[in-house]
Amino acid sequence: MAHLARLALTEAEIDAFTGQLGDILDHAADIEALNVDGIEATSHPLPRTNVFREDTLRPSLDRDEVLSQAPAAEAGQFRVPPVLGESQ
Amino acid sequence: MIGHEPSLPDDWELVVGLEVHVELATKTKLFCGCANQFSSEPNTNVCPTCLGLPGSLPVLNGQAVAFAMTLGRALGCEVRPSVMARKNYFYPDMAKDFQTTQYDQPTNVDGELRLADGSVVGIERAHIEEDAGKTSHVGGGGRIGDANYSLVDYNRAGVPLVEIVSRPEIRSVEQARAYVSELRNILLAIGVSDARMEEGSLRVDANVSVRPTGSQELRTRCEIKNINSIRSMGRAIEYEAKRHVDLYASGESPHQETRHWDEDGGRTTPGRSKEDAEDYRYFQEPDLVPLVPTAEEVAAIDEQLPMLPAQRRHRLTQLAPNSADAATIVVERGQDDLVVAAVAAGADAERLLTRVQNDLAVDDWTKVDAEGLAALIGMETAGELTATQTKQVLAELVNHGGDPRTIAEALGFEAMSDDALAGLVDGLIADHPDEWNRFVAGDEGERRKMQGFFTGQIMKATQGQADGRAVADLLNGRAG
């Protein structure tokens, strides 16, 4: 799972997180045991739908400030290690 | 469609489904107020939300949703309650490491696209999602595999898209082209996208497989990306289908994978093995609430839909049943309102459509009005103007407008009476007894050659003002 999320964890961290994840799965198992007959499935905890904003422009960030946060930048762009595979 | 495509062997059938990504013509991005603008300076339309900075939250653009539902209805889809989902993947074109899209509950499902040739391609779904940023690879000749590093521009990250997924019901390259072209016509007609393939606001991926002709199975498909034009799409599909047939012929099978179209090399090259849906770890986006369109909203969209290309073609072929091809072209050019009005003003529909198709292929026809066009076609139909003269008057109408009768007079086009033309023909026959004999007694080729001779002489004598068809009728009449 650490590999899928591209997280570099130490052995000690892996032990700690494995225990925590196990607790979470146990909790999910407890919930699975509940009788939910007749209760409608929801896709969101909030009882709201259709929250929209107007299609109006808001100022974007200053590019120099944005790029100053990046490990590397070049020609107004983020510079990243070479990537294999391809985008979506 | 134009051009001869090398086709598959008869015992193999092409099976294609298209995934078309369309950028919506909103002012701002899908989840933030940054400008949705092509060709801005890199990274100038970015904010914490589209850069995926911690603590930022998305708020859905209502206009994007309205556009998406409008497109859904234009494709005859059912517009349903939907939820947004996260598609997790690691690639620097999305700073937040996931794309917000729709997964198992898309907004639009089960539509269809009616093509100009009368065929129908099913639409599985048309869902809302955000676009990714743009990466370019530096060093190593720009090829992905041996780049030294990559540069990322997030202006496009978060731009609203609709992905339209067809069913695998496309059976030829021509049909694939017609599908994209019809979809583009619809997008332009309803105004939800500028649909420019060259600027990437309309992008096509093709899922290609083949199967033995007559079978109903769906074999392993490959998804072809990096298709930059309708022409490339045709070449890519053709190449890929052949590759599959060759693999099967040599006892192998294609692997399910994403492949890149290499425009210069004229071939597809392997990309990554296609990930399974599990690898993306889809889950519902917790920061966005469900979309639940009401029946009233959907009814209001339907009411505001303009007449779509298929209906517009139908409107023309109702008037001129023999001019289906002309109707397609005229609708593509947006000249159908003019044609309908000219028919209402008395023009013969078939003749009018032929004229408009052949002789009104211009960018600007605003000076041509329906009454003038109807009057001109009336003059041609009555034999007052020949085909050539009609074209000349029409060209004048395009450039300067005006009354076709006045223009015809100014150009010196006087109606040649039937008697005068008959007199000319008879004189010519008397002057050329040998040629006449060859016309009367010759075989079909000879007859055609001599008809050309006499028509040419008449045209010369009348400075092109005679009606070629009337001359032919007279010649045939005299020959008995």
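This is a predicted model: local features need pLDDT of at least 70, side-chain atom pairs count only at pLDDT 80 or more; totals for chains, interfaces and linings use all residues.
**View 1. The interface between chain A and chain B.**
Chain B puts 59 residues in contact with 36 residues of chain A. Together the two chains bury about 4,100 Å². Carbon and sulfur atoms account for 57% of that area. On the chain B side, the most area is lost to chain A by Phe90(B), Tyr149(B) and Val289(B). These residues together make up 14% of what that side buries.

**View 2. Polar contacts and residue classes at the interface.**
Between chain B and chain A, 19 residue pairs are in polar contact, both residues at pLDDT 80 or more. Zero salt bridges are found across this interface. Several elements of chain B each supply at least two residues to the side that touches chain A. Among them are helix 1 (62-74), strand 13 (257-262) and strand 14 (267-273). Strand 2 (60-61), strand 8 (134-138) and strand 9 (149-153) also belong to this group. Strand 9 of chain B gives the most, with five residues. By class, the side of chain B that touches chain A has 31 nonpolar, 18 polar and ten charged residues.

**View 3. A parallel pairing between the chains.**
Strand 1 of chain A covers residues 52-53. Two bridges join this strand to strand 2 of chain B. The two strands run parallel. Here Arg53(A) stands opposite Asn61(B), a residue in strand 2 of chain B.

**View 4. A hairpin in chain A.**
Strand 2 (residues 73-74) and strand 3 (residues 77-80) of chain A run antiparallel and are joined by two bridges. Glu74(A) stands opposite Gln77(A), which is in strand 3 of chain A. The two strands form a hairpin with two residues between them. In the turn, Ala75(A) has a positive phi of about 55°.

Four strands form an open sheet in the order 2(A)-3(A)-9(B)-8(B), with antiparallel pairing. Strand 2 of chain A and strand 8 of chain B stand at the edges, each with a single partner strand, so one side of each is left without a neighbour in the sheet. Strands of a sheet pair through backbone hydrogen bonds. Where the chains meet, three bridges join strand 3 of chain A to strand 9 of chain B. These strands run antiparallel. Val80(A) has Ser150(B) as its bridge partner in strand 9 of chain B. The bridge partner of Arg79(A) in that strand is Leu151(B).

Five bridges pair strand 8 of chain B with strand 9 of chain B in the antiparallel sense. Lys134(B) stands opposite Asp153(B) in strand 9 of chain B. In a regular strand the side chains alternate between the two faces of the sheet. On strand 8 of chain B, Thr135(B) and His137(B) make up the covered face. The uncovered face holds Lys134(B), Ser136(B) and Val138(B).

Asn88(B) lies in strand 4 (residues 85-88) of chain B. Its relative accessibility is 11%. Buried means under 20%, so Asn88(B) counts as buried. The side chain of Asn88(B) reaches the backbone oxygen of Arg281(B) at 2.7 Å. Not counting residues up to four places away in sequence, Asn88(B) touches Asp97(B), Phe98(B), Asp279(B), Tyr280(B), Arg281(B) and Phe283(B).

Conventions:
Residues are numbered from 1 along each chain as its sequence is written. Chains are lettered from A and ligands numbered from 1 in the order in which they are written. Side-chain values use heavy atoms; hydrogens and water are left out. Contact means heavy atoms within 4.5 Å. Buried area is the accessible area (1.4 Å probe) that two parts lose on being put together, summed over both. A salt bridge is a side-chain nitrogen of Lys or Arg within 4 Å of a carboxyl oxygen of Asp or Glu. A polar contact is a pair of N or O atoms within 3.5 Å; within protein, one must be able to donate a hydrogen and the other to accept it, and residues adjacent in sequence count only if both atoms are side-chain atoms. Ala, Val, Leu, Ile, Met, Phe, Trp, Tyr, Cys and Pro count as nonpolar, Asp, Glu, Lys and Arg as charged, and the others, Gly among them, as polar. Two strands pair if DSSP finds at least two bridges between them. Buried means under 20% relative accessible area, exposed over 50%, partly exposed in between (1.4 Å probe, protein chains only).
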